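My notes are below, in the order I made them.

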Amino acid sequence: MNKPGYANQDFWIRMLFMLIYWGLLNIALTVFGFLVIITTLVRFGSKTELTSLNYWLSSTGVFIKQTISFLSFSKEEKPFPFQSWPEKDSRED
């Protein structure tokens with residue numbers, strides 16, 4: 001007879017990481033929102049494109065996507081800092 005999920009130590013470790021990543025997700029969404037506002041203002045005020053700002057905006061979006069995949073049990077791999085910071089998603093270009 002198998003033990004229920006809550007009796008497994010891995011379950012509780014995952015729940016702890018999920019709580020941590022939920023907090024990180026909220027911080028990342030806030031940073032993402034500020035980056036969107038800054039990017040919009042810069043593009044509104046000038047015709048130049050800030051590549052470094054676009055890089056941080058897209059890589060933060062990839063981090064958010066990875067975190068949501070972890071929180072929704074779609075993937076078992078933990079995002080940053082257990083992996084390197086995500087690069088810009090090349091499929092979007």
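What follows runs from the overall fold to single residues and pairs.

**Ground rules.** I am working with a predicted model, in which local features need pLDDT of at least 70 and side-chain atom pairs count only at pLDDT 80 or more, while totals for chains, interfaces and linings use all residues. Residues are numbered from 1 along each chain as its sequence is written, and side-chain values use heavy atoms, with hydrogens and water left out.

**Overall fold.** I looked up the secondary structure and found two helices and zero strands in the protein chain. Here helices (H or I, at least four residues) and strands (E, at least two) are DSSP runs, numbered from the N terminus. For burial I use relative accessible area: under 20% is buried, over 50% exposed, and in between partly exposed (1.4 Å probe, protein chains only). On that scale, 26% of the 93 residues of the protein chain count as buried.

Next came contacts, meaning heavy atoms within 4.5 Å. Among those between residues at least 6 apart in sequence, 64% join residues at least 24 apart. I also noted the accessible surface, from the Shrake-Rupley method with a 1.4 Å probe, where for residues only the protein chains shown count as cover. The chain exposes about 7,100 Å², and carbon and sulfur atoms supply 66% of that area.

**Helix H1.** Does the length of H1 agree or disagree with what its residue count predicts? I took the expected span as 1.5 Å times one less than the number of residues. The 37 residues of H1 should span 54 Å, and the end C-alpha atoms are 54 Å apart, so the two agree.

Then I asked which residues of H1 are buried. My list reads Arg14, Phe17, Met18, Tyr21, Leu25, Ala28, Leu35 and Thr39. The buried residues of H1 pack against H2.

I found a nonpolar surface patch of about 420 Å², made by Leu16, Ile20, Leu24, Ile27 and Val31. Patch residues have over 30% relative accessible area and no salt bridge; like charges are joined within 9 Å, and nonpolar side chains (Val, Leu, Ile, Met, Phe, Trp, Tyr) within 5 Å. I checked one member: Ile27 sits in helix H1 and counts as exposed because its relative accessibility is 52%.

**Thr60.** I moved over to H2 (residues 51-71), where Thr60 is found. With a relative accessible area of 5%, Thr60 is buried. Beyond its neighbours within four places in sequence, Thr60 is in contact with Ala28, Phe32, Leu35 and Trp85.

**Aromatic pairs.** How many aromatic pairs does a search of the whole structure find? I got three. Rings of Phe, Tyr and Trp (its six-membered ring) pair if their centres lie within 6.5 Å; planes under 30 degrees apart count as stacked, over 60 as edge-to-face and the rest as tilted. One of the pairs is Phe11 with Trp12, edge-to-face at 5.1 Å centre to centre and 80° between the planes. Phe11 is partly exposed at 31% relative accessible area, and Trp12 is exposed at 52%.

Another pair is Tyr21 with Phe70: the ring centres are 5.4 Å apart and the planes lie at 65°, so I logged this pair as edge-to-face. Tyr21 belongs to helix H1 and Phe70 to helix H2, so the pair ties together parts that are 49 residues apart in sequence. Both Tyr21 and Phe70 are buried.

**Salt bridge.** A salt bridge needs a side-chain nitrogen of Lys or Arg within 4 Å of a carboxyl oxygen of Asp or Glu. I counted one by this rule. The side chains of Arg14 and Glu76 form it, at 3.1 Å from N to O. Arg14 is in helix H1 and Glu76 in the segment after H2, which puts the partners 62 residues apart.

**The loop.** My last stop was Glu49, in the loop between H1 and H2. Glu49 is exposed, with a relative accessible area of 53%. Sequence neighbours within four places aside, Glu49 is in contact with Arg43 and Asn54.
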